[in-house]
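Subject: Structure handover

Dear colleague,

Here is the structure I said I would pass on. My notes on it follow below the sequence and coordinates.

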Amino acid sequence: MSRYSSLLLVSASDVEEEGAINTRLLELAAATKSTFEPVIQVHLYPRSTIDIFIHVLQLDWGLLTACIIGSTLALATAGIPLFDFVCA
C-alpha cells in the first residue's frame, strides 16, 4: 500500500538554541502535506514513499504560497502523476 511520507520544512534561522524547530515551520509543513495528499496519485506507486523536501532560504511573506507552487513544479518535473496542478 502506498504511503505519503512526512514533510518537514527547515530554516537555519528558525532552529532554536535547544535544537527544536519553530512551530511556524511545522504548521507550514502540515499545511503543505494536507494540500498534496489528495493530489498525488499514490495508487500508481504501490509500496513506495514520496518525499517532498523544501529548503527555506529566507522567511518572507508568501512562504506557504512559494512552498506549494515550488512543490507542484518539482513534482511535475519529476514525472509524479498528479490529479491536478495545485496553485496558491
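What share of the contacts in the protein with a separation of 6 or more comes from residues 24 or more positions apart? Such pairs account for 68% of those contacts. Please keep in mind that this is a predicted model.

Confidence

The average pLDDT of the protein is 79, and 76% of the residues reach at least 70. By element, the lowest mean pLDDT, 44, belongs to strand β1 (residues 3-4), while helix α2 (residues 63-78) has the highest, 92. In residues 1-6 the pLDDT is below 50, although this stretch has 21 contacts in the model beyond near neighbours in sequence. Where pLDDT is low, the predicted coordinates should not be read in detail.

Overall layout

The secondary structure consists of two helices and four strands. Read from the N terminus, the order of the elements is β-β-α-β-β-α. Of the 88 residues in the protein, 31% are buried.

Helix α1

The 14 residues of α1 should span 20 Å at 1.5 Å a residue, and this agrees with the end C-alpha atoms, which are 20 Å apart. Its buried residues are Leu25, Leu28, Ala29, Thr32 and Phe36. Viewed down the axis of α1, they fall within an arc of 100 degrees, so they line one face of the helix. Thr23 and Glu27 are exposed and sit on the face of α1 turned away from the buried side.

Helix α2

From first to last C-alpha, α2 reaches 22 Å with its 16 residues, close to the expected 22 Å. Leu63, Cys67, Ile68, Ser71, Thr72 and Leu75 are the buried residues of α2. They fall within an arc of 165 degrees seen down the axis of α2, so here too the buried residues line one face of the helix. Leu73 and Thr77, both exposed, are carried on the face of α2 turned away from its buried side. Just after α2 comes glycine 79, with a positive phi of about 85 degrees.

The UniProt record, an unreviewed entry, lists residues 61-83 as "transmembrane region". In the model, the chain over residues 61-83 is 70% helix and 0% strand, with its end C-alpha atoms 28 Å apart.

The core

Which residues have the most contacts inside the largest nonpolar core? They are Phe36, Ile40, Leu63 and Leu75, in a core of 16 residues. The elements giving two or more residues to this core are α1 and α2, and α2 gives the most, with four residues. Leucine 63 is in contact with Leu25, Leu28, Val56 and Gln58, leaving aside its neighbours within four places in sequence. Leu25 and Leu28 are among the buried residues of α1.

Glutamine 41

Glutamine 41 lies in the loop between α1 (23-36) and β3 (49-50). Is this residue buried or exposed? Its relative accessibility is 15%, and because buried means under 20%, glutamine 41 counts as buried. Residues up to four places away in sequence not counted, glutamine 41 touches Pro81, Leu82 and Phe83.

Regards

Notes
Residues are numbered from 1 along each chain as its sequence is written. This is a predicted model: local features need pLDDT of at least 70, side-chain atom pairs count only at pLDDT 80 or more; totals for chains, interfaces and linings use all residues. Side-chain values use heavy atoms; hydrogens and water are left out. Buried means under 20% relative accessible area, exposed over 50%, partly exposed in between (1.4 Å probe, protein chains only). Contact means heavy atoms within 4.5 Å. pLDDT is the predictor's confidence in each residue, from 0 to 100. UniProt positions are given in the numbering used here, feature names are shortened, and annotations may be inferred rather than shown by experiment. A nonpolar core is a set of buried Ala, Val, Leu, Ile, Met, Phe, Trp, Tyr and Cys residues joined through side-chain atoms within 4.5 Å. The expected span of a helix is 1.5 Å times one less than its number of residues. The arc is that of the directions from the helix axis to the C-beta atoms.
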